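User: I've got a model open and would like to talk through how it's put together. Can we start with the sheet and then look at a charged residue?

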Amino acid sequence: MSINRFTLQLDEIKAAYAAEPNPTLEVRLERIGRIEQMISANEEKICKVLAADFGIRHSIESRLLEFQMIYQACKHVRKHLKEWMKPQLVATPGFLGSSHAWTQMQSMGVVGIMSPWNYPVQLALVPAIAAFAAGNRVWLKPSERSSRTSGFLATLIQEYFHPSEFCVSIGGTDVAESFAALPFDHLFFTGSGEIGKKVMRAAADHLTPITLELGGKSPAIVDSSAKLKDAAASIIYGKLVNGGQTCIAPDYAVVHASDCEVFIQELQNAAQKQFSNPEELTGAIDEQQLARWQQLVQDAVDRGAQAIPLIHSADNTELPFTPVALFNVSEDALIMQEEIFGPILPIVAINDIDSTIRYINERPKPLALYWFGKDKKVMQRILNETCSGGVTINDTLLHAAIEDLPFGGIGASGMGAYHGKTGFEAFSHRKSVLEVRGFFGLNFLRGTNLARPPYGAGVERLLRWIK
């Protein structure tokens with residue numbers, strides 16, 4: 001499909017938006033309701049295509065991490081959208097007399113969404129829900145790596161929506177490049193930092209406002225005050241759910257040197273307890289991903305790391321890839337330089353809180369940070385002296401499940417945020433409005449009248465009064 005075809009298609013969607021630039025509350029909720037109905041009526045089929053893409057993906061994992069996030073977003077918008085849409089009065093200075101000022105939220109137009117393969121349903125539709133809540137039209141480009149799910153989702157959207165409301169284009173790199181270069185009113189991208197840079201450069205040609213949801217190396221800090229068994233169980237879940245292919249998965253664990261041996265044993269115990277059933281351990285999205293995991297482990301081992309298997313199959317079932325912890329990893333190993341996005345957990349041994357904070361701050365700002373412990377003073381130091389997109393304390397992942405918490409990165413892990421009201425605001429323009437009125441209805445005291453030339457004593461008195 002050529003860029004000209006894309007441009008014509010965008011023009012059609014923009015024309016539909018221009019005919020209804022400020023949809024009512026009822027229209028917005030009806031569109032969001034159709035997304036909810038679409039998923040609810042097709043859960044079983046979507047689970048099957050997700051499993052086909054990943055090779056192995058348990059239906060409960062898909063329902064919990066894909067569908068539930070969508071239902072939660074729909075429910076939250078239904079409850080709060082009327083309030084979010086109300087104009088907000090702001091104070092005016094005394095010299096403007098009886099004038100009124102307010103802000104009102106205005107839809108932007110057509111929002112482009114580029115969604116990733118790791119959660120190909122949730123990360124396509126949750127941003128779309130926020131865009132519809134703000135009154136926009138949506139055009140989606142899902143990932144080609146989750147080709148079965150992307151294709152089926154496109155078919156469903158075409159069934160439930162007119163293409164001028166919610167349009168989908170599937171395809172590879174050429175389609176993605178053409179899509180990112182379009183003059184959207186807002187472009188939302190979820191994916192890797194390297195691709196994010198390309199998307200941002202393409203958007204710059206049209207000064208398109210952009211939200212980037214990227215990733216990074218999110219640390220899990222296990223303080224000496226933590227209960228190692230509980231910390232290990234939480235970290236294993238966050239690391240191994242969806243096969244580790246989660247943007248906010250704990251990328252590496254920072255553990256007090258004296259606790260490392262016991263902690264690794266607790267990791268093994270937790271992994272065996274939670275993920276010993278091969279049918280509940282999500283597979284790599286494709287052979288390319290699997291080969292990358294194997295390369296990362298081999299490179300680390302070649303540089304002196306110890307690879308410790310986390311799961312042993314009771315019936316000797318051979319896994320395509322066995323989740324591992326890595327100990328004594330060289331800092332120049334690939335796995336310490338790149339986001340892992342897989343079931344591999346490096347353990348970094350550090351002896352004190354100052355070294356931990358310095359270690360994290362010497363690296364790009366992560367999308368998420370996890371801290372485990374009971375010492376509130378240390379917790380506050382971590383919160384105050386490190387920088388990350390979001391934080392969960394004494395567990396993993398859960399801050400992303402709270403609709404009232406903004407979700408987004410900082411620095412290399414992204415820009416902008418969404419979820420809940422933050423998502424509504426991300427896809428809205430906050431328009432400032434001032435209605436000028438005079439003092440007591442007197443026109444000669446209204447607005448700029450007293451400040452207009454010719455300048456004289458009256459304007460001097462006005463300046464003294466304002467000052």
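**Sheet, helices and a buried charge**

User: Which strands does helix 9 lie across, and at what angle does it run to strand 8?

Analyst: Keep in mind that this is a predicted model. Helix 9 covers residues 228–240 and lies across strand 8 (219–222), strand 12 (344–350) and strand 13 (368–372). Its angle to strand 8 is about 170 degrees.

User: What about helix 13: which strands does it touch?

Analyst: Helix 13, residues 376–385, packs on the sheet too, and its direction makes about 170 degrees with that of strand 13. The strands it touches are strand 8, strand 13 and strand 14.

User: In what order do the seven strands sit, and which ones are at the edges?

Analyst: The sheet is open, with mixed pairing, and the order reads 10-11-12-9-8-13-14. From one strand to the next, the twist averages 25 degrees. Each edge strand pairs on one side only, and these are strand 10 (306–309) and strand 14 (390–393).

User: Which residue in strand 11 is the bridge partner of proline 309?

Analyst: Strand 10 pairs with strand 11 (residues 324–327) in the antiparallel sense, over four bridges. Within strand 11, the partner of proline 309 is valine 324.

User: Now glutamate 61: which side chain of opposite charge is nearest, and how far away?

Analyst: Glutamate 61 belongs to helix 4 (residues 59–85). Leaving out residues up to four places away in sequence, it touches Glu66, Val241, Asn242, Glu280 and Thr282. Glutamate 61 is buried but has no salt bridge, since that takes a nitrogen–oxygen pair within 4 Å. The nearest opposite charge is arginine 57, at 4.4 Å.

Terms used
Residues numbered from 1 in each chain as written. Predicted model: local features only at pLDDT ≥ 70, side-chain atom pairs only at ≥ 80, totals over all residues. Heavy atoms only, no water. Pairing = 2+ DSSP bridges. Helix = DSSP H or I, 4+ residues; strand = E, 2+ residues; numbered from the N terminus. Axes fitted to C-alpha atoms, helices over the stretch in contact; angles between N-to-C directions. Contact = heavy atoms within 4.5 Å. Buried < 20%, exposed > 50% of the residue type's maximum accessible area, 1.4 Å probe, protein only. Lys, Arg positive; Asp, Glu negative; His and termini not counted.
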